[in-house]
Amino acid sequence: MTGAELREKFLQYFERNGHTRVRSSSLVPGDDPTLLFTNAGMVQFKSIFLGEERRDYVRATSSQKCVRAGGKHNDLENVGRTARHHTFFEMLGNFSFGDYFKADAIAFAWELLTRDLGLDRRRLIATVYTDDDDAFALWKRVAGFGDDRVLRLGEKDNFWAMGDTGPCGPCSEVHFHQGDQIPCAEVAAGRPCLGPACECDRWVEVWNLVFMQFNRDARGTLTPLPRPSIDTGMGLERITAVVQGKASVYDTDLLAPLIEAVAALTRRRYGASEADDVSLRVIADHARATTFLIADGVTPSNEWRGYVLRRIMRRAMRHGRMLGLTDPFLWKTVEWVVSMMGAAYPELVAERARIQDAVRGEEERFAETLDTGMLKIKDFLDAHAGDTRRVVDGRLLFTLYDTYGFPMDLAEEVFQDAGWRVTDATRAAADAEMEAQRARARAGAAFGAGDDAEAATVYQRLGVPATEFVGYDSLTSPARILAIVDVGAGGPRRLPEVAEGAEVEMILDRTPAYAESGGQVGDTGTLAGRTGRGQIVDTYYRGAKLIVHRVRIVSGGFHENEDVAVSIETPRRQGLRRHHTGTHLLHAALRRVLGTHVTQAGSLVAPDHLRFDFSHGASLKDRDVEQIEELVNEQVQANVPVARMEMDLDEALRMGAMALFGEKYGSRVSVIKIGDFSTELCGGTHLDQTGELGLLKVAAEGAVASGVRRVEAVAGPAALESIARREAALREAAELLKIGPLEVPKRLRKLLEEQRALEKQLAELEARLARSRAEDLVKVARQVNGVAVIAGRIDGLDADGLRSVADTLRNRLGSGVVCVGSVVDGKVNLIAAVTKDLTARFQAGRLVQEVAKAVGGGGGGRPDLAQAGGKDPARLDAALELVYAFVGRAAG
């Protein structure tokens, strides 16, 4: 049975047993800022487990793409070194949302494993949470296990949580015995194997049945969930290895062809060398993770998800180098991954070209990183050639990694090859710097996981129903206050009433206010009651479905269960509608002009402007921008109807609606269709006709990350204001030049040509002057203990000009030491140069540091050439005199 056949058999089994097949969600969690990547099948169902959302099914099954490479569940360092760890994998799962519980979950698992998959029941064993007597008894009854075949384990092994916060509960794992022929460290040490609790591979976990009973908040408090539920997870790769009789997941048909393709590329044979085998497995696994993450909209960068992706990619590239691959190669693996998995995940086929471009671009940049890092290491080795300890400073390893992206382990190898030692103290210092950086990153990237999660938990306890949104059809609505919550410094607390001057969160039974989502900012407006008036300053979600209004009480007060009138700020909402429809038109135009590889990577829809991030590897040409504007404004002039439709997600995808990466969709979705020009899944507010947009104008375009561009645009009155500002600037320029506005470009070109000619003449004069001054300095060169030394001042030269003079002087001397300085705009520039034959005795870096210190500055560089700066021009002459003393000491 192939891995693909096994995936389908699993899904069909649960469909026969009343489950709805649900497509895999994105690897980027849709509305969970606490989670790095989707790491389990239950992630897309989190809001259902929490009781925040209801769907039209209570049983579900899925094959979920997952990545574990950071956070609580991080398998990255084990990948390639064990038989079962991955960064990317597929999680098969069945789920019950308050329907069946432990008895059916265990019965389903046992029947599928032993009947449908044909596993030998004698080789299966179950584990349960230490005090879960129900699960213990069920396994004995359903599977006929004796007490010795149902093991009780503690929280570490048998209590499952998605993350530090969120749904959790006791679990029961099913393990398969692969055979005692597999090595075990415990047995090798003279102790018995620990069975399923052992770290060896004799027993492999194939299925985890989680009995979802609690929600853990930011304080660690466990709250019972509204309805006990079931969440199970079975790694496709692991169960495939068991069914196919393979000791390693890398030997299954899910990964072996990929390993063989990489091996052929490297001209290595898999199985010939353990070191090579580790590298081949790393590349195969990381190729899958890279392909799927980029397909789901993640791009390599130095921040959060992009940083983890970059680390995965660069780890694969480094292992490629270890196998002798010096040219870009990882981009070639994308085609192999797509050919193997495109049938199950058609988004890979659609995004193939974009993924390959992104990977190749990152590879080329990393090649530059390697070159830069090697140069920095060479500079260090040259500057410390006289160091007899030859122990690498861990802080240097961290700097190479953090500043230049140079992998620490690769840097260690380079230093060791050069005869330097990497000690435990070296690694401890590097680890300390890394941990300090991680702490800074965690502090800066908490993403509100504390207060927001706590507030959401408070609302969950209130038991209020989801708010009915009526804002598509009306900007005013009667409503009733269901809850008032103070989220001040003391933590969230429910209030029976609130008075003038307070600012609180309110939940209403219905509202015309749109809550911030999908890039569109939340509505503002007013709230009026019998005795009070409030200003709605923002509208947003708590959890998946609860619309929260942040209200500032302007006069009087409000109390729970009071009937109120809600009004939305009309001009502001119209601006939001205008720019949201403009965003859809812009997205469609970008895809027509640049190619269908363009996909949304982020957006902001504000009342007065829009910002749209999209995947594209190059800057936009002026003609591209013109064509995009023309396409959008053609649709505006055509006054095309903007249609909103609700339908099943699968139906929407079949009709060609674009699903945006990172967004979470339920089984019923809203679709915005603009003629034949644009069709997208979107729940935002939009115009009725494109003509209401008036005009769209691109205001700016640039890069925000590797492979991601950003366009900012304005529509309607904001576009007219933008054009008016540009025309005013053009008129002002024309008045200054005393010409007509249309003549400005021609006159500017002429002025720039004249300026370049003058700058060229000035540079020639400065060069002549520098050469003349250099000749003067050669004439006054001193001999210090048999060494020719020049120390002089040439004011007016910047660092580049000064370097040119230093090179000239060094060449004229043939053998000697040079240090020259200048003052430009009140700052000191210094250059030191030493001929190659003297660098063992006199190092330019140390010389320039000593001179720079005397003028209140610092610097450094190579033994033969170094540069520095200073803040005290008045001390430059005295500082240059130190050059002779430096040479005298070193020569003596």
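Me: How do the residues that line the second largest cavity divide into nonpolar, polar and charged?
Reply: The model is a predicted one. The second largest cavity has a volume of about 70 Å³. Of the 11 residues in its lining, Arg84, Gln178, Val204, Ala247 and Val249 are the closest to the centre. By class, the lining of the second largest cavity divides into 6 nonpolar, 2 polar and 3 charged residues.

Me: Which helix gives the largest share of the lining of the second largest cavity?
Reply: The largest share of this lining amounts to 3 residues. They come from the helix that spans residues 236-244, namely H7.

Me: How many cavities of 30 Å³ or more does the model hold, and what is the volume of the largest?
Reply: With the threshold set at 30 Å³ or more, the count comes to 3 cavities. For the largest cavity, the computed volume is about 100 Å³.

Me: Which element gives the largest share of the lining of the largest cavity?
Reply: The lining of the largest cavity consists of Met317, Arg321, Leu325, Thr326, Asp327, Pro328, Phe329, Glu363, Phe366, Ala367 and Leu370. Two elements give two or more residues to this lining, helix H10 (304-322) and helix H13 (352-383). The largest share is 4 residues, and the element that gives it is H13.

Me: How many nonpolar, polar and charged residues are in the lining of the largest cavity?
Reply: Among the residues of this lining are Leu325, Thr326 and Asp327. Sorted by class, the lining of the largest cavity has 3 charged, 1 polar and 7 nonpolar residues.

Me: At what angle do H9 and H10 pack, and is their crossing left-handed or right-handed?
Reply: Two packed helices are described by the angle between their axes and the distance between the axes. For helix H9 (residues 274-295) and H10, the axes are 9 Å apart and the angle is about 145°. The crossing of H9 and H10 is left-handed.

Me: What is the make-up by class of the contact of H9 with H10?
Reply: On the H9 side, the contact is formed by Val278, Ser279, Val282, Ile283, His286, Ala289, Thr290, Leu293 and Ile294. They meet Leu309, Ile312, Met313, Arg315, Ala316, His319, Gly320 and Met322 in H10. By class, this contact has 11 nonpolar, 5 polar and 1 charged residues.

Me: Is the crossing of H9 and H13 left-handed or right-handed?
Reply: H9 and H13 pack with their axes 9 Å apart, at an angle of about 115°. In H9, Thr290, Thr291, Ile294 and Ala295 meet Arg354, Ile355, Ala358 and Val359 in H13. By class, the contact has 5 nonpolar, 2 polar and 1 charged residues. The crossing of H9 and H13 is right-handed.

Me: Why is one side of E30 and of E34 left without a neighbour in the sheet?
Reply: The 6 strands of this open sheet follow the order E30-E31-E32-E33-E35-E34, with mixed pairing. Strand E30 (782-784) and strand E34 (858-861) stand at the edges, so one side of each is left without a neighbour, the reason being that each has a single partner strand.

Me: Which residue is the bridge partner of Asn829 in E35?
Reply: Strand E33 (residues 827-834) and strand E35 (residues 865-870) run antiparallel and are joined by 6 bridges. Within E35, the bridge partner of Asn829 is Gly869.

Me: Through how many residues does a hairpin join E34 to E35?
Reply: E34 and E35 run antiparallel, with 4 bridges between them. In this pair, Gly861 stands opposite Ala866 in E35. The hairpin joins E34 to E35 through 3 residues.

Me: Which residue in E26 stands opposite Ala643?
Reply: An open sheet of 3 strands has the order E25-E26-E27, with antiparallel pairing. Its edge strands, each pairing on one side only, are strand E25 (642-648) and strand E27 (678-681). E25 is joined to strand E26 (residues 668-674) by 7 bridges. In E26, the residue opposite Ala643 is Lys673.

Notes:
Residues are numbered from 1 along each chain as its sequence is written. This is a predicted model: local features need pLDDT of at least 70, side-chain atom pairs count only at pLDDT 80 or more; totals for chains, interfaces and linings use all residues. Side-chain values use heavy atoms; hydrogens and water are left out. On a 1 Å grid over the protein atoms alone, a cavity is a set of points where a 1.4 Å probe fits but cannot get out, and a pocket is an open set with protein on both sides within 12 Å along at least five of seven lines; lining residues have an atom within 4 Å of a point. Grid points are joined across faces, edges and corners, and a volume is the space filled by probe spheres set on the points. Ala, Val, Leu, Ile, Met, Phe, Trp, Tyr, Cys and Pro count as nonpolar, Asp, Glu, Lys and Arg as charged, and the others, Gly among them, as polar. Two strands pair if DSSP finds at least two bridges between them. Axes are lines fitted to C-alpha atoms, for helices over the stretch in contact, and angles run from 0 to 180 degrees between N-to-C directions. A crossing is left-handed if the near helix is turned anticlockwise from the far one by less than a right angle, and right-handed if clockwise. Contact means heavy atoms within 4.5 Å.
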